[in-house]
Amino acid sequence: HKRIEKRISSGTPFFSLEFFPPKTANGVANFLTRIDRYRDGGPMFLDITWHLGSDPANIEKETSSSSIAAACLAYCRVDTMLHMTCAQYPKEQTLKHLQLAQNLGIRNLLALRGDLPINDSDPSIYPYRALDMIRWVRTHFGNYFTVCASGYPKGHPEAPSYAADIAYLKMKVDAGADFIITQLFFEAETFETFVADCRAAGITVPIIPGIMPIASYDSIRRVAELSKLTIPKHIMDTLESIRHDDEAVTKYGIHLAVEMCRRLLDSGVAPSLHMYTMNREHSCREVLQALGLWQHESIRSLPWLPHGGHHPLR
Ligand code: FAD
């Protein structure tokens, strides 16, 4: 069984699916059933975001990110990547989180700084960055973990400049990151430019675009605001004109994502797609089906299945 960084570089397009952990213990069974359904589509790996709140004691709870990633691995038997942030913890605490991840059999990490509290971004209070965590992983765990780093096609909002952010990304790769997944973006060109700039800066590892199909007018505006991203005017204009028609917005979002992903895959600039599912099934599955990456396409084309419908046995 090859490690995921080897499979990513194999040249065959694939996709990965990102989820956030369920909030309640009751939600866990439901969540795993849903993931099991996604698994049928053939993702190369599942990906679980990091949410511990401010209470490190939560780490052992069944709804913690580590527990959910371990459950995905054990129950769904698909490679799983766990996000982990380091800014809000002392170094020793992060080492404990890493140790637990190793004990749970998790092999893949997305090493992150994490967002700083909005009114409290004094770097002396939160000294650690993703770069520190990547170094700790390599120092204390050798090559046990495959490490992914985050990349920002428009530059991270706190970075002194776009160029400085790319230089910093290069440091993360030099410290041991095996591949990169990007923040979401809205136009193929944004990703193409970013990859070209990374390559010019000497970053040679795979760079996977993070894709979030626009699913609703309100949610994409919220996400853009939180991530400090500007939605391009032509997209915003279209969204404004259909904002009261949820179905039209979803369809438009799928259309945009399919067009963008097709261009990125066809030109080879993207080795694969990382889907921000927001724990919703519909849009990501539609996009992957349209691109021919979802494995069960043939089942859906059978005459008794209404377009966009579900397999009757599910
Ligand atoms: P870093 O790579 O550490 O960079 C932080 C900032 O510091 C950047 O502006 C960088 O340019 C600057 N910087 C660092 N070192 C230097 C230096 N030496 N010189 C100059 N500048 C420097 N958040 C969560 O809480 N949970 C998640 O699960 C999660 N998943 C994510 C997944 C992806 C793919 C992405 C893109 C983001 C995710 N985030 C998540 C959000 C992330 O935590 C925030 O974007 C956070 O603000 C930055 O984290 P980072 O690891 O990317 O930062």
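Trainee: Where does Asn-279 lie?

Mentor: Asn-279 lies in the loop between E8 and helix H11 (282-290). Helices (H or I, at least four residues) and strands (E, at least two) are DSSP runs, numbered from the N terminus. This is a predicted model, so to speak of local features takes pLDDT of at least 70, and side-chain atom pairs count only at pLDDT 80 or more, while totals for chains, interfaces and linings use all residues. Residues are numbered from 1 along each chain as its sequence is written, and side-chain values use heavy atoms, without hydrogens and water.

Trainee: What is the phi of Asn-279 near?

Mentor: Near 60°, a positive value in a residue other than glycine. Most residues other than glycine have a negative phi.

Trainee: Is Asn-279 buried or exposed?

Mentor: Asn-279 counts as buried, at 12% relative accessibility. Buried means under 20% relative accessible area, exposed over 50%, partly exposed in between (1.4 Å probe, protein chains only).

Trainee: And Arg-77, buried or exposed?

Mentor: Arg-77 is exposed, with a relative accessible area of 72%. Its phi is positive too, near 55°. Look for Arg-77 in the loop between helix H3 (65-76) and strand E3 (80-85).

Trainee: New topic. In what order do the eight strands close into a barrel?

Mentor: E1-E2-E3-E4-E5-E6-E7-E8, with parallel pairing. The twist averages 25° from one strand to the next. Two strands pair if DSSP finds at least two bridges between them. Axes are lines fitted to C-alpha atoms, for helices over the stretch in contact (heavy atoms within 4.5 Å). Angles run from 0 to 180 degrees between N-to-C directions.

Trainee: How many bridges join E4 to E5?

Mentor: Four, between residues 108-112 and residues 146-151. Asn-108 stands opposite Thr-146 in E5.

Trainee: Which strands does helix H10 lie across?

Mentor: E7 (207-211) and E8 (273-276). H10 runs at about 175° to E7.

Trainee: Now the ligand. How many residues surround it?

Mentor: 22, with a heavy atom within 4 Å as the cut-off. Among the closest are Arg-113, Ser-150 and Asp-165.

Trainee: What lies 2.6 Å from an oxygen atom of the ligand?

Mentor: A polar side-chain atom of Lys-172. The protein buries 84% of the 990 Å² that the ligand exposes when taken alone (Shrake-Rupley method, 1.4 Å probe).

Trainee: Which element gives the most to the shell around the ligand?

Mentor: H6, with three residues.

Technical notes
A polar contact is a pair of N or O atoms within 3.5 Å; within protein, one must be able to donate a hydrogen and the other to accept it, and residues adjacent in sequence count only if both atoms are side-chain atoms.
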